[in-house]
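Visitor: I have a protein model open on my screen and would like a friendly tour. Could you take me through some of its contacts?

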Amino acid sequence: MLSFQSCIRCFQKYDLNQIIYRCECGGLIEIKHSVFPSPLGGEGLGVRSGVWRFKDYVLPIPDSEIVSHPEGFTRVYERESLSRWAGVDKLLFKHEGENPTGSFKDRGMTVAVTQAKRLGQKLIGCASTGNTSASLASYGAQAGLKTVIFLPEGKVAPSKIAQAIAYGAETRMIEGDFDTAMAKVLEASHDEGLYLVNSINPFRLEGQKTIMWELFEQLDWQVPDWIVVPGGNLGNTSAFGKAILEAYEAGWITKKPRIAVIQAERANPFYQSFLSGFEDFAPMHPDTRASAINIGNPVNFEKAKRVISDLNGRVEQATDAEIKEAKIQIDHSGIGCEPSSAATLAGLQKLVAQKFVRPDEVVACVLTGNVLKDPVMS
Ligand code: F0G
């Protein structure tokens, strides 16, 4: 097989079909593809799924093994009111809330659940602030696999829980925050043989890469100057960085966009670490109303740190009040999104004011979740 798994720290190689979330040395695992000719496949599922059309650079397997809704092919929006509000001439929004279960998670979940099924796994699980669990429950149902979700009690938007239950997931409410639930599901992956589909699973990130490739294609491969993304567990940050570098190395794009990761001020361990030049990293007890990114110990820290240095990126933070104000702007423009997604616009406005982003630079914000996901932010 031309694709394999590899440790990002010691470069130890593992077979694509081995179940491994961390290397023996402790490093995170990523997928490597040794062939990268042209961007698009276009047959069979490739025509219908915005993820599997890039199959050769995501997970090169026969279509018959794939579990797909399908997903992807999300729209790009531009609104003059929002560009003006942020202070840039050209501002784009790629709306990942338009995926089948209402968030970007479907892009990664189609790949992770496909991998679970082809490896003969019987039980799949995740910890979640809501969207991952809804997506897993849905794709698990499609694959006919048993799903179990670990949720921090009282900290997940009710509509997301209702969604996961509707699709048939077994729900375990955990006392504590997302990070406690993450520790519990990791334990269960060892003790109960549960296949873990949080973004520590490298197959998730392979699917999420296609957000970038699809965006670039929509822009005729003329990449923006900046990509802005909310940061929680830092899966998207890691996936986007990988997608950008792979596209550049394959010659699909001739320029690498910079990346800006926005965290909520009360769940900002990555921002704090960025301020120290990534010398220090301290997990924290998170407490933001942007519930999807209420995470204090992001599992993808090591990958995301590398992305910031590879792409000359920045990390910014926004208060809950700033996120709420940005959400009102996006909602009133008619686009709409969930609070965590609006952190992008809030952070961008600050980066422009601080002159890190110039008004003549082209910026693309990734809206991660649908407006119905977490409708009340008080
Ligand atoms: N935006 C939304 C709507 C999310 O649901 C998440 C993560 C993020 C942003 C942060 O993305 O983790 O890649 O940095 N939600 C996860 C969940 C944690 O369980 O649904 P990240």
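This is a predicted model: local features need pLDDT of at least 70, side-chain atom pairs count only at pLDDT 80 or more; totals for chains, interfaces and linings use all residues.

Visitor: How many residues apart are Glu 65 and Arg 118?

Guide: Glu 65 sits in the loop between helix 1 (45-48) and strand 4 (76-77), while Arg 118 belongs to helix 3 (residues 105-118). The pair therefore links distant parts of the chain, and the separation is 53 residues.

Visitor: Is Arg 118 buried or exposed, or partly exposed?

Guide: Buried would require a relative accessible area under 20%, and exposed one over 50%. Arg 118 has 24% relative accessibility, so its class is partly exposed.

Visitor: Which strands does the salt bridge between Lys 146 and Glu 170 tie together?

Guide: The side chains of Lys 146 and Glu 170 meet at 3.0 Å, N to O. These residues are 24 apart in sequence, so the bridge ties together separate parts: Lys 146 is in strand 7 (residues 146-152) and Glu 170 in strand 8 (residues 170-174).

Visitor: What residue meets Glu 170 in a salt bridge at 3.2 Å?

Guide: Glu 170 is partly exposed, with a relative accessible area of 32%. The residue that meets the Glu 170 side chain at 3.2 Å, N to O, is Arg 172.

Visitor: How many salt bridges does the structure hold?

Guide: Some salt bridges are linked in a network, formed by Lys 94, Glu 96, Arg 107 and Glu 214. For the structure, the number of salt bridges is 26.

Visitor: Are helix 12 and helix 13 roughly parallel or roughly perpendicular to each other?

Guide: The axes of helix 12 (residues 320-332) and helix 13 (residues 339-353) come within 7 Å and cross at roughly 100°. Angles of 65 to 115 degrees count as roughly perpendicular. The two helices, helix 12 and helix 13, are therefore roughly perpendicular.

Visitor: How many nonpolar residues are in the contact of helix 12 with helix 13?

Guide: Helix 12 contributes residues including Ile 323, Ala 326 and Ile 330, and helix 13 contributes residues including Pro 339, Ala 342 and Leu 345. By class, the contact has one polar residue, three charged ones and, to give your number, eight nonpolar.

Visitor: Is Leu 311 buried or exposed?

Guide: Leu 311 lies in the loop between helix 11 (301-310) and strand 12 (314-318). Its contacts beyond four places in sequence include Ile 244, Leu 245 and Pro 257. With a relative accessible area of 5%, Leu 311 is buried.

Notes:
Residues are numbered from 1 along each chain as its sequence is written. Side-chain values use heavy atoms; hydrogens and water are left out. Axes are lines fitted to C-alpha atoms, for helices over the stretch in contact, and angles run from 0 to 180 degrees between N-to-C directions. Helices (H or I, at least four residues) and strands (E, at least two) are DSSP runs, numbered from the N terminus. Angles under 35 degrees count as roughly parallel, over 145 as roughly antiparallel, 65 to 115 as roughly perpendicular and the rest as oblique. Contact means heavy atoms within 4.5 Å. Ala, Val, Leu, Ile, Met, Phe, Trp, Tyr, Cys and Pro count as nonpolar, Asp, Glu, Lys and Arg as charged, and the others, Gly among them, as polar. Buried means under 20% relative accessible area, exposed over 50%, partly exposed in between (1.4 Å probe, protein chains only). A salt bridge is a side-chain nitrogen of Lys or Arg within 4 Å of a carboxyl oxygen of Asp or Glu.
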